[in-house]
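Please open the structure in your viewer and keep the sequence beside it.

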Amino acid sequence: MNRIKEVLEEKSKTQTWLAEKLKKSFNMVNAYAQNRQQPRLEILYQIADILDVPVKDLLIEKDENAL
């Protein structure tokens, strides 16, 4: 699970803007933001760089009590 949508909102950026920066389709970025698809690690690092945040800020920690 990721926090791409939340971080975009915190930075006042749109999914369209991120798609243009990544040179990916809006549909692909929307799938990442909606957690329908997870980006490859390489893409996750690109997103973190574009948004100027540490990669860990884009990730949701697993709740160990939710097993």
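How are α2 and α4 oriented to each other, roughly parallel or roughly perpendicular? Bear in mind that the model is a predicted one. Select helix α2, residues 15–22, together with helix α4, residues 41–51. These two helices pack at an angle of about 115 degrees, and their axes are 11 Å apart. Angles of 65 to 115 degrees count as roughly perpendicular, and α2 and α4 are therefore roughly perpendicular to each other. In this packing, α2 passes α4 in a right-handed crossing.

**The contact of α2 with α4**

Next, display the side chains where the two helices meet. On the α2 side, select Trp-17, Leu-18, Lys-21 and Leu-22; on the α4 side, select Gln-46, Ile-47, Ile-50 and Leu-51. By class, this contact has six nonpolar residues, one polar residue and one charged residue.

**Ile-47 in helix α4**

Remain in helix α4 and centre the view on Ile-47. Is Ile-47 buried or exposed? Ile-47 has a relative accessible area of 0%, so it is buried. Leaving aside neighbours within four places in sequence, Ile-47 is in contact with Ile-4, Leu-18, Leu-22, Tyr-32 and Leu-58.

**The largest nonpolar core**

The view may now be widened to the core. The largest nonpolar core has 16 residues, and those that touch the most other members are Ile-4, Leu-18, Ile-47, Leu-51, Val-53 and Leu-58. Which elements give two or more residues to this core? They are α1, α2, α3 and α4. The largest share, five residues, comes from α4.

Select Leu-58 next. Apart from neighbours within four places in sequence, Leu-58 is in contact with Met-1, Asn-2, Arg-3, Ile-4, Val-7, Leu-44, Ile-47, Ala-48, Leu-51 and Val-53.

**Helix α3 and what covers it**

Move to helix α3, residues 26–33. Its buried residues include Val-29, Asn-30, Ala-31, Tyr-32 and Ala-33. What covers the buried residues of α3? The cover includes α1 (4–10), α2 and α4. After α3 comes Asn-35, which has a positive phi, near 60 degrees.

**Gln-15 in helix α2**

Return to helix α2 and select Gln-15. Gln-15 has a relative accessible area of 15%, and buried means under 20%, so Gln-15 counts as buried. Leaving aside neighbours within four places in sequence, Gln-15 is in contact with Leu-8, Phe-26, Val-29, Asn-30, Ala-33 and Gln-34. From Gln-15 to Asn-35 there are 20 residues in sequence, and the distance in space is 13 Å, C-alpha to C-alpha.

**Two loop residues**

The last stops are in loops. Select Ser-12, in the loop between α1 and α2. Ser-12 is not a glycine, although its phi is positive, about 55 degrees. Its relative accessible area is 66%, so Ser-12 is exposed.

Finally, select Lys-23, in the loop between α2 and α3. Lys-23 has a positive phi of about 60 degrees, although it is not a glycine. Is Lys-23 buried or exposed? Its relative accessibility is 76%, so Lys-23 counts as exposed.

Conventions: Residues are numbered from 1 along each chain as its sequence is written. This is a predicted model: local features need pLDDT of at least 70, side-chain atom pairs count only at pLDDT 80 or more; totals for chains, interfaces and linings use all residues. Side-chain values use heavy atoms; hydrogens and water are left out. Axes are lines fitted to C-alpha atoms, for helices over the stretch in contact, and angles run from 0 to 180 degrees between N-to-C directions. Helices (H or I, at least four residues) and strands (E, at least two) are DSSP runs, numbered from the N terminus. Angles under 35 degrees count as roughly parallel, over 145 as roughly antiparallel, 65 to 115 as roughly perpendicular and the rest as oblique. A crossing is left-handed if the near helix is turned anticlockwise from the far one by less than a right angle, and right-handed if clockwise. Contact means heavy atoms within 4.5 Å. Ala, Val, Leu, Ile, Met, Phe, Trp, Tyr, Cys and Pro count as nonpolar, Asp, Glu, Lys and Arg as charged, and the others, Gly among them, as polar. Buried means under 20% relative accessible area, exposed over 50%, partly exposed in between (1.4 Å probe, protein chains only). A nonpolar core is a set of buried Ala, Val, Leu, Ile, Met, Phe, Trp, Tyr and Cys residues joined through side-chain atoms within 4.5 Å.
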